[in-house]
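The sequence and the model are shown below.

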Amino acid sequence: MPTTLRALLAAPSFHLRLLAGADDSSAVLDEPLLWAHNSDLLDPTPWLQPGGLLLTDGMHLSADSDPSEVDAYVARLVESGTRALGFATGIIHDEVPEVLRAACGGLGMPLLEVADRTPFMSIIRHVSDVLAAEQRERLEWSLDAQRAIARAALRPDGLGAILTELEQRLDCWVALFDSIGNRIDVRTRIAMPTEAEAIVDDAVRAALARGNRSSARVIVGTEAVTVQTVGQRGRIRGALAVGTAAPLDAAGSDLVASVIALASIALEQSRTVETARRQLRSGLLELLLAGVIDVAGRTAQRLGGRLPEAPVRVAVLGAAVEGQSLLDELDLLAGEDAGRVFVAERDVEVVAVVGADDGGVLERVLARHGMPVGFSAPIDWDELPRGLTEARQAAARTRSDQPVVRFERLADEGMFGLLRASGAETIARRLLAPLLALPAAEREMYVRTATVWLAHNGSWDPPSKELGVHRQTLRNRITALEALLDLDLGTFPARTELWSALHLLFPTP
């Protein structure tokens, strides 16, 4: 550590004595001295930096000096952050002028007498030598720590080893997070304090949300926590949180930067492995859809997981996935909950297979990302193609106020529920386009006429009575409707098609 005023006062060779501005209990005596220099300028502050000891012979001062000028001189030193003023006696002045003592005492500037013609250079050199020794020791510490981190990276558990080494070197705790802000389970020596968890989680998620390399510092109690992202711009792989009793100095920051670089490599390798696993899961999905279930199951076990037990549900996401964070979280889910959740990509579609009663774990992940999902009814594995179709139909019916739809709900709506789920309304609009183009009153008349007539199986007398029109009027309307829609309503298929279209676009209670 740099030397202090207390250490200089205790050194008998310097012949220093504290006169004013502080006493033996003052904390300023234990603050580090970052420099020592001499100047007799009336205003040396343009050339000074904070944290040092200014030495003077007092050529610009005398017992008759104007107190206001002396006060202004000392005030400038205080404002510049000068730690203390040393005044030599026995050269120009036999004693320190009382006007200077009063100014330093009033403004809290420690005033030291430098007696017995002590050379200023001895004090200056001592301060600089201590600083140089401290810098040299810190450099040696940094080089040794860097070598230790590099050796740790070569161990089989390289990621955990470098984090443990970082903890030991900085006497800190560390926590590693993945690209979506979840803690990565890496064994370290010191756990994150419980009171820091929520604050650090928020800081990590905020850093990751920016999507580029960044560093942030938060204070938790008496600790300074540094949060730095891991990875490159556009390819952020996670974040590292380091909690220390004091902010990191340059050497500590350099060491963290080295760990960040090594962690980036480790996480990039992990991402490469996960990409390969994702591609393998896509291949497994194709095998499952082709009915090669035994081979797919054995392969899944060799990948470190297993397929969910039947009965299962197929899930299809109801919107395109934008960005990487959701896919990353689904990958983690597929790894952590192997045996409950199987996730794979199929072209631009994300497909999941879950146990029939385990859909909630997938729903919670998708809800955090505002992603709708459609589920099939419970099926066996050999019914997977049908389950995929059902899940797609359910996904097509999702809305902002209904983000989760199960196929059973569509089945409860009957055939028309399935028709709507498959997009049949578009076909219905095309079929009834000439009718929809009519003025509202005329359109409503034809819709009412056709609906009642079809409800009576194409007979004439009952619908005429219900509509309150002559049967010939009813015939004329149906004939006009046939011509308008180019349909032969004398045939059952045409009547069925018209009935379905009307029911889809003009549902009756």
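## Basis of the description

Two strands are taken to pair if DSSP finds at least two bridges between them. On that basis, alanine 84 in E4 is the bridge partner of leucine 53. The model is a predicted one.

## The mixed sheet

An open sheet is formed by 5 strands in the order E1-E5-E4-E3-E2, and its pairing is mixed. Strand E1 (16-20) and strand E2 (35-38) are the edge strands, each pairing on one side only. On average, neighbouring strands of this sheet are turned by 25° against each other, direction ignored.

Within this sheet, E3 and E4 run parallel and are joined by 4 bridges. Besides the pair of leucine 53 and alanine 84, leucine 54 stands opposite leucine 85 in E4. Helix H3 (residues 98-107) touches E1, E4 and strand E5 (111-114), and its direction makes about 70° with that of E1. Helix H4 (residues 120-153) touches E1, E2, E3, E4 and E5, with its direction at about 160° to that of E2.

## Burial of strand E4

How many residues of strand E4 (residues 84-88) are buried? The count is 5 of its 5 residues, and the strand is described as mostly covered.

In a regular strand the side chains alternate between the two faces of the sheet. Both faces of E4 are covered: Ala84, Gly86 and Ala88 are buried on one side, and Leu85 and Phe87 are buried on the other.

Methionine 59 is located in the loop between strand E3 (52-56) and helix H2 (67-80). Its relative accessible area is 59%, and it is therefore classed as exposed, the cut-off for that class being over 50%. Together with Ile91 and Ile92, Met59 makes a nonpolar surface patch of about 300 Å².

## The antiparallel sheet

Another open sheet has 4 strands in the order E6-E9-E8-E7, with antiparallel pairing. Strand E6 (173-178) and strand E7 (215-220) stand at its edges; each has a single partner strand, so one side of each is left without a neighbour in the sheet. Neighbouring strands here are turned by 20° against each other on average, direction ignored. Helix H5 (residues 158-170) lies across E6 and E9 and runs at about 145° to E6.

## Strand E8 and its partners

Strand E8 (residues 223-232) is joined to strand E9 (residues 235-244) by 9 bridges, and the two run antiparallel. Towards E7, E8 pairs in the antiparallel sense over 6 bridges. E7 and E8 form a hairpin with 2 residues between them, and glycine 221 in the turn has a positive phi of about 65°.

Which residue in E8 is the bridge partner of alanine 216? The partner is valine 227. Valine 227 also has a bridge partner in E9, namely alanine 241. Of the 10 residues of E8, 7 are buried, so the strand is largely enclosed by the rest of the structure.

Note on methods
Residues are numbered from 1 along each chain as its sequence is written. This is a predicted model: local features need pLDDT of at least 70, side-chain atom pairs count only at pLDDT 80 or more; totals for chains, interfaces and linings use all residues. Side-chain values use heavy atoms; hydrogens and water are left out. Axes are lines fitted to C-alpha atoms, for helices over the stretch in contact, and angles run from 0 to 180 degrees between N-to-C directions. Contact means heavy atoms within 4.5 Å. Patches are made of residues with over 30% relative accessible area and no salt bridge: like charges are joined within 9 Å, nonpolar side chains (Val, Leu, Ile, Met, Phe, Trp, Tyr) within 5 Å. Accessible areas come from the Shrake-Rupley method with a 1.4 Å probe; for residues, only the protein chains shown count as cover. A salt bridge is a side-chain nitrogen of Lys or Arg within 4 Å of a carboxyl oxygen of Asp or Glu. Buried means under 20% relative accessible area, exposed over 50%, partly exposed in between (1.4 Å probe, protein chains only).
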